Structure formats: C-alpha cells, structure tokens
Amino acid sequence: MTDPAREALGANLVRVRRALLSVSDKAGLIELARTLHEMGVQLISTGGTAKAIADAGLPVTGIETVTGFPEMLDGRVKTLHPKVHGGLLGRRDLTTHTDAMAEHGIEPIDLVCVNLYPFEATVAKPGVTEAEAIEQIDIGGPSMIRSGAKNHASVAVVTDPSQYEDLIADLKANDGCTTLALRKRLAIDAFRRTAAYDAAIATHLDPDPMPSRLTLAYERVESLRYGENPHQQAAVYRTPNAPKGTLVTAKQLHGKALSYNNLNDANATLELCRAMALTAPARVAAVVVKHTNPCGAAVADDARSAVDLAIAGDPMAAFGGILAVSRPIDAAAADRIAAEGSFFEVVIAPSFEPEAAETLMNRWKMVRLLAIGDETPDIRIEHKFLPGGLLVQERDLTVPDPASWTHAAGPKPTVETLAAAGTLETVCRALSSNAVLIGGIDAGSVRLFGAGAGQMDRVASCLGAVRKAGDLAKGAIAVSDAFFPFPDGPQVIIDAGVKTIVHPGGSKRDDETFALCEQHGVTCLTTGIRHFRH
C-alpha cells in the first residue's frame, strides 16, 4: 500500500522513519535496533546505548549530532533540546507546527524507546547513600516519555523491553508503520510508568507513610479468574521491588493457579503463623485458616505435631482450608498433612523437603504448594480502600508481653500459663471482631480449642468459643480481643470451666468482671491493648 493510500485511512498508521533509543536496561536492545535498521529507520541514540548499537555493527546517529550540543554535566543534560522535544511533540496535522519545525530544522521522531534510570532498584539496595539515590533520578527520560505519549497520535513510546515483541510485530504487520491502537496502549503504559517512577522518588525522599498527598504504585502480577465471587473481576498486584517473603514473590511448586480467595486467606494464614512463631521462637507454629479466620493454631516442638494440633482445633472447618507452617515441611509433617480425611487448598512453608513435596503432590494434583522463603518482610503500614478514598494505618505487629500484663483477679498464673496466654492472644487478634477464643496447653504444646469470631455481641462470641471447645474448655485459657462491657460474657466461659481469662480491660464495669473471677477462683489478666480486626 502506498503512503497516500495509507494517509487516506486517516491517522491510524504512522510510518517509523526516525527512532530515538536511550535505555538503561539493554535487554533486547540490539534485536530491536537491528529490526528497525532493516526497515530503513534512522537510529538516534545517547551515551552507552549508542555505543552498544555501534558495537553491534549498526549505524547510529549520536544525539549530539541532532542537537548540536555535546552531552554535558556528567550526562545530566543530553536530550533536553527543542530538536528532540520538537521532533516528538510537533503535530503532523497542523501546518503551523510543520512550518515551525521546517523553519528550525526539526525533524519528526516517530518512535522513542526509553527505560528509566533504575531508581527503584538502587534505593532498594541496603546502605545506598542519598547522593547515589539522587543521581539515579532520571530527568531527560521521563521528559521524552511524556512528550512522546502526549503526541501518541503520531509517536510510539516504548518504556519496557517486554513491549518490544508487540512493537516489532506491529511494524512487520503494517509495512513499517505503527497502529493507533498500539500507540495509545503504549502511551497509557508510559504515563503509568512515569507516575510510578515519581511516586517512588517522593516516597524515598519523604518516607512518611501518611503524607499530605499519597501516591501508590503497583504492578499487575496477573489477572485472576474472578474475585471473591464469580461475577466479580479481579487481579493481583505487587509493589515495585516487592520484598522477598511475601505471597506475591512466593514460589509456587505445585497446583493450579491461586484464586482471589486463596490469596486473601493465605495472607491471613501466613501473617498469623509468623506472629505465633515470634511468641515461641524455639518451637514450630502451624495455622489453619478458613475465610480469613483461624480455625486451628498451635505451637509445638516439631512440624508434624504442630500441624496435627492445628487441625485438631476444628477438624471439620480445617477441611478445604489454608495451612501455613513456620518451618520447612519435612516428610513426617507431609504424611500428617496428606493423611486420609484431610484436604487443603494451599500449603505454605519456608520450603519443602523433596520427599515431603513429592508426598503432597502425589496426594493432590491441584493443591497449591507455596515456598515463601526464610525472609520476613518489614512492612509496617497497611491500606484499606473505600469508595472514593483510602484508610491508612500501622499494622498491628505488637508482640505480646505477658510479663507486663496486670494480674487483676484470681490465683496468680503459672509461668506456663502466661506463655501459653501470650501465644493465644496472638491468635485472638487474627480473628474477626468481636472475637473470643478458648485454648490452652495440650501435651506440652499450645493450641486453639475453639473460637467465636465475627459476632455482633461479645456474649455470642463467648458462646461460639464454648461450643467449639466443648469439654476442652475445662481448665483452659480464654482470650478476648476487647474488654467485656458486662460480666455476662465472662460468666458464659467460666460456666464452661475456663480457669484463666485474658482481655484488654478498660470497661467501666471491669470491677464486676474482676469480682466474678474472684468469686469463682478464675485468674483474670488485663493486657491494656485492644486488638480489633475488621
């Protein structure tokens, strides 16, 4: 098709005659440059990019030849020139623009390929200095990207090597021209890239997690089959340079793709498992979660015992749940996980011994095995989206300190009881409010016996915990995520046989609860810290 014929189609197809390439990440650069050269495109480039192209035996025009100025100020000024930005911004459909370009010797640039200085990767390195970070703030790159993206009616702007394949395919399919559909998609990606880049810079320079203007940048990991329900669209995203030890950086060893609900529940499981491990560093923690609430949780001397006791917390609810273990899964633990009558959607652990992984893979074709690694990411802020807004808060990462709790009533607790109560207080904070749990010491280990979660009144939570715990409530420990406004809830759990009650305290009627505990010989401890979870 001749160029006049193409022009008759409107602005859809634009022939690429001149391309400016200036990249930090040189992956795929030579293949792209060679393809463009073979299509008769003039290659313009800067610094190290120009050298790489020339070293590959391809003709390239240095940017200084185009601008008439050398690169200067240690490379800070290369492309900030009218012959670059005029070539990118000039509208081909306006005579006033084309006349001005001709008058000043500005030739159109039809393709600009820029990926930015690696600022995010630089500041993610330990010990990076402020000066090193500042030097990785790209100025010319974002300027060219924004110029090309604004004028995407005529200019294709490429910002990542992952886009080269689509660009080359578009050029080959259209006799060296780009389509408007591609240019618009690339322009959208370009504006998103510069927005994320600027957000990363601002966040580094001002690490305040709650600034006057908050900009969040996330990269899509994948689109999900659906959201919480089949009629809801969904995707999973991660932060640039997401730290190791997160679900979005975990290695999936086996099983089908993770769903929205899998990821949501898996996050709750992993977070609680790690928190429990902090209360008993020498032991192994195991957690089973259903609908973001723990139905089983335990700490024990080995992984198999911890898993067994976690499942025992609520065997019916554990079926089809998410399991996390704080230590590597060995063969013995895998045998217990794969036992007859058990089924888990996801199993999470730092790693899986080969024999253990084989056992689980043979037991279930679809079970997702996630190796999370040994790292624990230091993430202290969480966000909750509202229609038209956002809530930001510090994460509830407080490690229980039973030695600091107030002994408010009843017999003095033993050292073993205090340690178990600290672990169980961690489990309680993972339950949806209003939450009350019953747990205790089982054959030297600590585990959840039963929980009442997500109730509108605290008495209902007490009744739910008692019902789940059954006879195990006798002599057990009860923990509440908030104070008891009346002694009616404590009466329910005392009647079931509980001998230790832990709660934050702070109610106007705390004295009534304390008196009830004294009357029945029940230990009452107040922590001073509420742990609502909504």
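Me: Does D55 count as buried or exposed?

Reply: A word on the source: this is a predicted model, where local features need pLDDT of at least 70, side-chain atom pairs count only at pLDDT 80 or more, and totals for chains, interfaces and linings use all residues. Residues are numbered from 1 along each chain as its sequence is written, and side-chain values use heavy atoms, leaving out hydrogens and water. Buried means under 20% relative accessible area, exposed over 50%, and partly exposed in between (1.4 Å probe, protein chains only). D55 comes out at 55% relative accessibility, so it counts as exposed.

Me: Which side chain does D55 meet in a salt bridge?

Reply: Side chains of opposite charge can pair when their charged atoms come close. The cut-off for a salt bridge is a side-chain nitrogen of Lys or Arg within 4 Å of a carboxyl oxygen of Asp or Glu. D55 pairs with K51 at 2.8 Å, N to O. Both sit in helix α3 (residues 47–55), four residues apart, about one turn of the helix. K51 is exposed too, because its relative accessible area is 53%.

Me: And strands: how many bridges pair β11 with β12?

Reply: Strands here are DSSP runs (E, at least two residues; helices are H or I, at least four), numbered from the N terminus. Two strands pair if DSSP finds at least two bridges between them. β11 (residues 284–290) and β12 (residues 293–300) share seven, in the antiparallel sense, with V284 opposite A300. β11 also runs antiparallel to β13 (residues 321–325), joined by four bridges, and V288 faces L323 there.
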